[in-house]
Amino acid sequence: MFYKETGQFKSRYKDELAAFPLFEDKIGIGILGVLTFLVIPLFGLPGLNYEFAMGAIMIPCMIFIIMTLGLNILLGFAGQISLGTGAFSGVGAYAFYKFITIFPDINIIIALVLSGLVSAVVGVIFGLPSLKIKGFYLIVATLAAQFFLTWAFIRVAWLYNYNASGAIEGPNKEMFGIIMIGPQSAGMTRYYFVLVTLIVLTWLASNVIRGRIGRSWMMIRDMDIAAELIGIRPLVAKLSAFAFSSFYIGIAGALMVFFWLGAAEAESFDINHSFLYLFMVIIGGLGSITGSYMGAIFVWVVPVLIKEVGKSVFGFDAFVMENFSTILLGAMIIIILILEPHGLARLWQITKQKLRLWPFPY
Amino acid sequence: MNEKAPKIMMEVKNINLRFGGVVAIQGVSFDIHEGEIRAIIGPNGAGKSSMLNVINGFYHPQEGEIWFDGQKRPSMEPYEVAKTGIARTFQNIALFKGMTTIENVMTGRQLQMNKNIFWQMLRYGPAIEEEVQHRKRCEEIIDFLEINHIRKTPVGSLPYGLQKRVELARALAMEPNLLLLDEPMAGMNVEEKQDMSRFIVEVNEEFGTTIALIEHDMAVVMDLADRVVVLDYGKLLADGTPKEVQSNQAVIDAYLGVPH
Ligand SMILES: Nc1ncnc2c1ncn2[C@@H]1O[C@H](COP(=O)(O)OP(=O)(O)OP(=O)(O)O)[C@@H](O)[C@H]1O
Ligand SMILES: [Mg+2]
């Protein structure tokens, strides 16, 4: 009986309303903390080249988790579907670029928050159709946002400061005397920055979801008519979900370009990326924070590992492996969805339930 | 019943509601006294649910006035009506399926909670105090309706009778002045009906909540209601005490005479 809820009575509601009411969960979080703050930055991941482990797995994974959290808030918690995630992440990235080039002395954290806010505003504007339309029609509206914004990323040269390349690129920039972004920044610095951002954003999201505003999103998702009769204004609930979600997606977009890729063009924010993030949310599990973690990690890491193994172990051509990993990922997604339509988060829940009974399975 | 002249809480005057060619309600007027249990009965399609939908702002009648607390009410959206202290349950259960019982009941407190997004993000100080305070109230309601054992169960997996009870809990969490119940006992067995009747009477007597109730089971109506409105084909057929209505020839012909 490793994992049990019974026997840990909460005598005060405040204790029960805590983020991790179970003792076992607290231990799990502690172990994860030691791994991500000490073990991984020191030793990397087992069996993988250190640079590769940090630059191709850890940093992008954490950024994609933020992205997935953002989309999951909108899709999983508020029930509003969007295919504009890629473009909204682009809004965050271009906004960050403009902030740090227009105000070279701006603090990076402030620039990041402001970029998230710009993305939130754009998200609200393109979320307006959700007040009138649902389902397929809303998908089409967000698709229009996606195409319009990627068009703007190419055509509005002001956004990339009239660079001949058309790309946005991170200049070297310090915070508290340490180079945080740009070609001279250390991978380790960026790793810690992204890690702390991820933890803070996860904590904030889990707080909002369990409170009044999170409930208003779920009410709209589950039954919008009843929600309205209880006093929820659909306008406020839906647009706040678009805003909160786009805030996260915008921050993830800025992190993606300036803390991971180093430079990017419009195609880093295209419709394929929107689909990628959608896969992450669905595979992980709609309406689950743990699921957002699992989905992002699974969808990102599996193809990378397949490619790596194919190249280094079997000596396959990179192009062949690229296609092969895409096919394999697609197959795995279909299998997971057939086995468990509620995603990896539900599989994890079932496993926990079994652990609770172990070793007495009755 | 009290002997003083009753205070009128709500009055609908000459309501006409049409959907295209379908006339759902035709020139119906009646009132609801403060503190009473008012039953609305009538055959299927008589316009009973539509009447509740008019009262809570979901349908907007083409003609007619609604008076509430002595004032003529302007055309309102449902969320505005909710703010005036009117709560309801639905004929076809309208719970939030993805949420647990306690979460569903907590949604009834949404209007009374107001800590902003920044406190919500921190879930600290005023935000958590507010959450705890309302959680306590919801736990009391859950105790009252005897649904403690399903507190953490997702409502989608509950049997029908319990779902109806959770829906009542959610409406009670709003601490309404006027509670609209659309067939709260439909599809229940005798025992469940008895429980539900007991809760309705207790809510009415102990909290002083005014209740408007749609119900098909005549035995229940005669037992619970102070006064009864009878609708038929969208028209008002009769209005009076259960006894008066029961002995009304038009009602007997249209409704009571037909076995259900
Ligand atoms: N949204 C709507 N659109 C079109 N017609 C409607 C709508 N709502 C109700 N009606 C019609 O109005 C009439 C009254 O319906 P209502 O649901 O109010 O009846 P009811 O008395 O509640 O019946 P029941 O006992 O079956 O619940 C019916 O003819 C119904 O088809
Ligand atoms: Mg009805």
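How many Å separate an oxygen atom of ligand 1 from an N or O atom in the side chain of B:S49?

Author: The distance is 2.8 Å. This is a predicted model, in which local features need pLDDT of at least 70 and side-chain atom pairs count only at pLDDT 80 or more, while totals for chains, interfaces and linings use all residues. Residues are numbered from 1 along each chain as its sequence is written, chains are lettered from A and ligands numbered from 1 in the order in which they are written, and side-chain values use heavy atoms, with hydrogens and water left out.

A polar backbone atom of B:A46 is 3.1 Å from one. A polar side-chain atom of B:H216 is 3.2 Å from one. On its own, ligand 1 has 630 Å² of accessible area, and the protein covers 65% of that. Such areas come from the Shrake-Rupley method with a 1.4 Å probe; for residues, only the protein chains shown count as cover.

Now the shell. It counts residues with a heavy atom within 4 Å of the molecule. Ligand 1 is surrounded by 14 residues, and the closest are B:G45, B:K48, B:S49, B:S50 and B:Q91. Helix α1 of chain B gives the most, with three residues. Strand β2 (22-33) and α1 of chain B each supply at least two. Helices (H or I, at least four residues) and strands (E, at least two) are DSSP runs, numbered from the N terminus.

Next, the metal. B:S49 (OG) and B:Q91 (OE1) coordinate the magnesium ion, ligand 2, at 1.9 to 2.1 Å. The two residues are 42 apart in the chain: B:S49 sits in α1 (residues 48-55), B:Q91 in the loop between β6 (86-89) and α3 (101-107) of chain B. Donors are N, O and S atoms within 2.8 Å of the metal (3.2 Å for Na, K and Ca); water is not among the atoms, so sites may look incomplete. B:Q91 has a relative accessible area of 31%, so it counts as partly exposed. The classes are buried (under 20%), exposed (over 50%) and partly exposed in between, with a 1.4 Å probe and protein chains only.

β2(B), one of the shell suppliers, belongs to an open antiparallel sheet of four strands, in the order β2-β1-β4-β5. β2 and β5 (71-72) are the edges; each has a single partner strand, so one side of each lacks a neighbour in the sheet. Strands pair if DSSP finds at least two bridges between them. β4 (residues 63-68) and β5(B) have two, in the antiparallel sense. One bridge joins B:W67 to B:K72.

One more strand in chain B, for context. β8(B), residues 210-214, has five of its five residues buried. B:T210, B:A212 and B:I214 point one way; B:I211 and B:L213 point the other way. β3 (residues 37-41) runs parallel to β8(B), joined by four bridges. β7 (residues 178-182) pairs with β8(B) in the parallel sense over five bridges. B:I211 is the bridge partner of B:I37 and of B:L179.

Technical notes: A polar contact is a pair of N or O atoms within 3.5 Å; within protein, one must be able to donate a hydrogen and the other to accept it, and residues adjacent in sequence count only if both atoms are side-chain atoms.
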